[in-house]
Amino acid sequence: MTTLAAAGTFTLGYRTVRRMGYGAMQLAGPGVFGPPRDREAAVAVLRAAVEAGVNHIDTSDFYGPHVTNQIIREALHPYADDLVIVTKIGALRDDAGAWLPAMSAAELTSAVHDNLRNLGLEALDVVNLRVMGSGDGHGPAEGSIATELAVLVDLQKQGLIRHIGLSTVTPTQIAEARAMAEIVCVQNLYNLAHREDDAMVADLAAAGIAYVPYFPLGGFTPLQSDALSDVAAELDATPMQVALAWLLQRSPNLLLIPGTSSVGHLNENLKAADLVLSPEAVARLDRIGA
């Protein structure tokens with residue numbers, strides 16, 4: 001059983017968290033919509049994660065909607081003192097499960113209260129402003145976020161939010177936000193094959209800001225590469241463990257939140273914390289996203 005110690009820690013808000021965390025998105029039903037097929041299994045995964053030493057959980061009340069946060073509360077409340085729960089607002093789901101922007105002041109405020117109620121908290125540790133950008137809303141697009149961020153700043157002043165983060169944003173938007181408030185983390189798409197944020201990762205590391213890659217294993221289209229499979233075979237590891245280990249070695253400010261609905265898969269993911277990649281292996285893996 002891994003101790004997660006090898007992966008190290010990083011500051012997130014006012015707390016120190018282990019760099020191997022857990023993303024709760026897969027605890028909802030298919031398509032991140034509706035209840036899970038096995039609620040007891042979802043509860044068991046969360047408890048196993050915390051027992052293994054995970055103290056950073058990523059969630060949102062629009063997962064389900066409401067389902068994931070309610071399961072987190074059932075499984076873990078009252079929460080351990082060192083547990084940091086990070087949520088995100090800025091979207092909602094319609095009756096068919098579509099992802100829709102929800103960025104008005106009323107919608108953002110309502111989302112914070114939904115998260116507080118369903119998680120059973122009086123204040124949220126970290127809230128990411130999730131910007132619905134280009135294409136289907138799941139990619140960044142330029143445009144001011146000052147109006148929306150001002151709502152979070154006000155909620156922070158009210159004591160409902162302790163720290164503010166950003167999700168699906170550009171460097172310009174990060175600079176705009178940092179001029180308005182302390183930003184403790186950025187959550188964007190990043191993995192072995194999607195390296196558009198390489199410069200951003202380095203810039204945030206220099207500023208002491210956490211970068212949290214979502215879809216670290218490729219998301220709904222898992223990473224596939226001959227080079228990845230070859231390195232995994234040489235290390236007697238799985239390709240996904242190698243992909244996570246590459247992220248951990250990529251930069252000390254990367255906090256990982258791989259998600260799963262299986263305790264067995266959870267333990268497999270966490271073992272990536274013990275995996276050490278040689279410089280030669282890293283160079284081969286780097287070429288995947290070149």
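**View 1. Tyrosine 211 in strand E11.** In this predicted model, tyrosine 211 sits in strand E11, residues 210–214 (strands are DSSP runs of E with at least two residues, helices runs of H or I with at least four, both numbered from the N terminus). Tyrosine 211 has a relative accessible area of 0%, so it is buried (buried means under 20% relative accessible area, exposed over 50%, partly exposed in between, with a 1.4 Å probe and protein chains only). Setting aside neighbours within four places in sequence, its contacts include Val186, Tyr190, Met200, Leu204 and Leu255 (contact means heavy atoms within 4.5 Å). Serine 251 is 40 residues away along the chain from tyrosine 211, yet their C-alpha atoms are 9.1 Å apart.

**View 2. The sheet that holds E11.** Seven strands make an open sheet with parallel pairing, in the order E3-E4-E5-E8-E9-E10-E11 (two strands pair if DSSP finds at least two bridges between them). E3 (22–23) and E11 are the edge strands; each has a single partner strand, so one side of each has no neighbour in the sheet. E11 pairs with E10 (residues 183–189) over five bridges, in the parallel sense, and tyrosine 211 in E11 is the bridge partner of valine 186. Helix H3 (residues 105–119) packs on the sheet, touching E5 (84–89), E8 (124–130) and E9 (161–167), and its direction makes about 145 degrees with that of E5 (axes are lines fitted to C-alpha atoms, for helices over the stretch in contact; angles run from 0 to 180 degrees between N-to-C directions). Helix H4 (residues 146–157) lies across E5, E8 and E9, at about 160 degrees to E9.

View 3. Leu228, Val231 and Ala232 are buried in H7, residues 226–235. They span an arc of only 100 degrees around the axis, which means they are on the same side of H7 (the arc is that of the directions from the helix axis to the C-beta atoms). Helices H8 (239–250) and H10 (279–286) are among what covers these buried residues. Over on the other side of H7, Asp226, Ala233 and Glu234 are exposed. Just after H7, aspartate 236 has a positive phi of about 55 degrees.

**View 4. Asparagine 55 in its loop.** Asparagine 55 belongs to the loop between helix H1 (39–51) and strand E4 (56–58). Its relative accessibility is 3%, so asparagine 55 counts as buried. Not counting residues up to four places away in sequence, asparagine 55 touches Thr16, Val17, Arg18, Asp82, Leu83 and Val84.

**Notes.** Residues are numbered from 1 along each chain as its sequence is written, and side-chain values use heavy atoms, leaving out hydrogens and water. Local features need pLDDT of at least 70 and side-chain atom pairs count only at pLDDT 80 or more, while totals for chains, interfaces and linings use all residues.
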